[in-house]
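This briefing concerns a predicted model. Please consult the sequence and the structure shown here before reading the points that follow.

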Number of protein chains: 2
Amino acid sequence: MGYKYQLTLNNLLRYVNYVFSDVPIVYRPPHGISYRSTYGEEYRRILKLADGLRKLGIEPGDRVASLDWNTIYHWDLYWAVPGIGAALHTVNVRLAPEDIAYTINQAGDKMLIYHRDFAPLVEKLKPALKQVKYYVQISDGQGSVGKDPDIEDVIKSGEERELPELSEDQVATVLYTSGTTGRPKGAYFTHRQLVLHTLSVALAIVGFRGLSRGDCAEVSGEPCATLYLVPMFHVHAWGLPWVYSVVGWKQVLPGRFDYGHILRLIVEEKVKAMAGVPTILYMLVTHPDLNKYISEIKRLAPIYVVGGAALPKELAKKASEAGFVPRSGYGMTETAPVVSLGFLRPTEKWPEDPERLYDLITMTGLPNPLSEFAVFDESDKPVPRDCRTAGELALRAPWITPEYIGDPEKTRTAWRNGWFHTGDAAVWCPDGRIKIVDRLKDVIKSGGEWISSLQLEDLIMTHPAVGIAAVVGLPHEKWGERPVAFIVPKPNAAVTPEDITSHLLKFVEAGKIPKWWLPDKVVIVNDLPMTGTGKIDKKALREKYRDLLRQSI
Amino acid sequence: MGYKYQLTLNNLLRYVNYVFSDVPIVYRPPHGISYRSTYGEEYRRILKLADGLRKLGIEPGDRVASLDWNTIYHWDLYWAVPGIGAALHTVNVRLAPEDIAYTINQAGDKMLIYHRDFAPLVEKLKPALKQVKYYVQISDGQGSVGKDPDIEDVIKSGEERELPELSEDQVATVLYTSGTTGRPKGAYFTHRQLVLHTLSVALAIVGFRGLSRGDCAEVSGEPCATLYLVPMFHVHAWGLPWVYSVVGWKQVLPGRFDYGHILRLIVEEKVKAMAGVPTILYMLVTHPDLNKYISEIKRLAPIYVVGGAALPKELAKKASEAGFVPRSGYGMTETAPVVSLGFLRPTEKWPEDPERLYDLITMTGLPNPLSEFAVFDESDKPVPRDCRTAGELALRAPWITPEYIGDPEKTRTAWRNGWFHTGDAAVWCPDGRIKIVDRLKDVIKSGGEWISSLQLEDLIMTHPAVGIAAVVGLPHEKWGERPVAFIVPKPNAAVTPEDITSHLLKFVEAGKIPKWWLPDKVVIVNDLPMTGTGKIDKKALREKYRDLLRQSI
């Protein structure tokens, strides 16, 4: 019997080093460092880092936590920790300190590698972290805080030893969902899952219509550049550090996000592809420095893939005006995350009517190679593909987490009949695309029918004075639930509940929404509670305004 | 535990049907049929064919032989037979009848599905095929020959039942190498191997520089089209039926190869990507009808990936002049087959000097995602990457056959130290590319040094009057071996041994080859013995001219 090839990140990295060793990778955080490296140089640093971690005491099967921004160190850790058979637990820095300690303890992390910005937090947490034996600091060229060893010293201590041959079923990463209900839930991913996710996403982004920028190297004579604005402490930065490596793109790491600095990087590094949640795109396109760079951004026309939350049409238009090419994607922590992207079939045309174009762009796209969509009703039967009947979105793909750590009950609920149930309410369209209408738990059930809080929010946000909108369901004796809208006006703008209602009435008259969808109450507020991943925390919102809601009808 | 996703062709096909169901697939053989279908329609035909085969008695684990051209039926069989858990054995129609019977018997094929063109052959073979229980004919719209059932009836007999869930380790195909020594050797491939081969090759051809034509759908408003000229009875047609499906390209199947007809198809179907052995490219670029189509071919500029044998520089130039964009690839039956393609790194430039450009184009390229090159000397140590020191090319990739069927000895020789040894002599260049200098067994060892027969042939073929050249080694008392060249002149051209020697002397003077490489003898002949795959059969050549060679020095 010959060699049984294992689908490991180690083999992927060896490939990247063989073919793309001289492709640049750039680390330019806002604090002034400009580190220009190549995949080949980073490969050697990764080997040394891996060996250094081993020498410190990390063994196969161990778990290593990271608390870091989008630094070159974090990028190296994405390869080095799984590379020695340990699992990287990228801790979500936006969680409450208590939840951070909870996830580190539940994962059983043996080492914590943290950026100096988190030194005060780590000092506070240390007494609660019983299993963490080793602390390593990423001083990031700014001098150490405290006495923990610096990651540069770990790298220096290591030798350039080849990474070991691992089993593809070895766990490579551990992640926690920032659930709005209860404690964060753990999920894990094997090497095999991450390699397959990488190949699938890579194929879509370099080869499929409307995403591909494969021409840029040919035209410019230098490698295409990407700058992903997904924090590396969120679900593998959507896998993009691995994806862009296997296609040999220049990667630009911006450190901690500073939007003015990022605009400069887009232009200076000639960025052609980006990705991030809608909020970050919003920050870029409303930034005071945008005008300085807009003509150059229009020339570059970077693709900007939005995920993590629905892309509002207004934001998509604004982004287009600023020179970005907005596209959508869909995924969640449990799905590694990317299962679909907003590409166009070879047989389709972009709609000429701008409204229909933006409708298409803001949908969640088509499944990436090897992933599959279905929408099921409450009795687990597929709903009709009529773009109207809502059900629960279910998925198949080679990279969905096989289980929730220590939660067999939740695992059983999610995995039924060979499908992973997302908890997202969606409609299924004749062309195979889906549209998320709500989180199932955020769906408003009124008179036995569903009201999509997302669609109401989308329409409310087309009002020029509205910054953010959130619609939640309120218990109602007769109807079961009724919608209530919370509005944060734009800076220096004013809006009244009556404005919103008459704004929405126009959509009722145009037949876009039924009249009974109109919120029973519109509340103007200064801000909204957010989750650790920058989404509106509807659970907290409902709790915060519980009394108000009780009185309101 | 959730769903454990299996990497099967069935899951791949379901994906293709979901996303690319309306992409066309066209079958236009020379005998006048023009069948225009879509992936969606073929999906339903495949389900029916699979069910029909099951009803006839094919069970999981069975083997089904095919004897067919590049027909739509063969394309359907590529999915339907593995789809029910059986293995497709694509019989090489170019083998001697005795070897055809040998491979069918050794594979234990239970069914033989043959094109009507092979009906006389099959009738002759039937008594020798002890294990074949069922015969099915592909009458291909031309009426049945004999009494075996027609494949269209098998399709009609089946229902559109979903394909079963299979294990990814199920054997999907069985192939035989057309060895020039001894009997053909069997190799097999699992679903997992074929899916990974598909993803890797797809990523390179749609995303990597110099291969990607991903723009064509965007520009033309219709799907990109491919017409692969690799017979589907040769090593999975290089996997291209699966590869182009997963990227949603229009596939054009030309039936039995007729070069004038193929030139017409390129133009009429707007073909942007092709593939095949050098001989077929040569047939196209020297075809009398070329002039009729050349201006349109130049506009289309189809990529033409050459594999199966080295691409001679002269042919690459001729192909470029005819409007094709020649590229190289490397692979062999045992490797599924594609492990490398002639793409350019993002950091490289195409050489401006045409000679250097064609040197690069005619090399075997860089490894595709997840595959890996090494060149080892006789003590299994890597040779220096100096582009000069020859050794044996070794490979790693997830899709290399794990063993030779029933030949543990050959398996052990090929698989050593975790590397598959190809039997090809190659030099390893600093940029990671390799250049095949010979089959190990064709290498000429003279005075302890290697002479590359391929390089000598390449240089001889730059002579304007030379059609084909083959150089083999002759035993020599003093030197061990010495080279002898066999020359087939072009039609209506004349050449003498002295012409060849003085032609080669120019390369000696230019420092391209050492003087001691000059053949001791040049023999002008009318034709050369060929293998079943259209390569020069050097073993037969040596035997045929053994006496001549004995006398010659």
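How much area do chain A and chain B bury between them? The two chains bury about 5,300 Å² between them, and 61% of that area lies on carbon and sulfur atoms. The values are computed from a predicted model. The points below treat the interface and then a sheet of chain A.

**Interface of chain A and chain B**

- Chain A contributes 61 residues to the contact, and chain B contributes 60 residues.
- Between chain A and chain B there are 4 salt bridges.
- One of the salt bridges joins the side chains of A:E372 and B:R14, at 2.9 Å from N to O.

**The side of chain A that touches chain B**

- Two or more residues each are given by α1 (9-20), α7 (191-207), α8 (216-220), β15 and β16 (372-376) of chain A.
- Helix α7(A) supplies the largest share, with 8 residues.
- By residue class, this side of chain A divides into 35 nonpolar, 11 polar and 15 charged residues.

**Sheet of chain A**

- An open sheet of 9 strands with mixed pairing runs in the order β2-β1-β10-β9-β11-β12-β13-β14-β15 in chain A.
- Its edge strands are β2 (35-38) and β15 (366-367) of chain A, each of which pairs on one side only.
- Strands β1 (residues 24-27) and β10 (residues 250-253) of chain A pair in the parallel sense over 3 bridges.
- The bridge partner of A:I25 in β10(A) is A:Q251.

Notes. Residues numbered from 1 in each chain as written. Chains lettered and ligands numbered in written order. Predicted model: local features only at pLDDT ≥ 70, side-chain atom pairs only at ≥ 80, totals over all residues. Heavy atoms only, no water. Pairing = 2+ DSSP bridges. Helix = DSSP H or I, 4+ residues; strand = E, 2+ residues; numbered from the N terminus. Contact = heavy atoms within 4.5 Å. Buried area = accessible area lost by both parts, 1.4 Å probe. Nonpolar A, V, L, I, M, F, W, Y, C, P; charged D, E, K, R; others polar.
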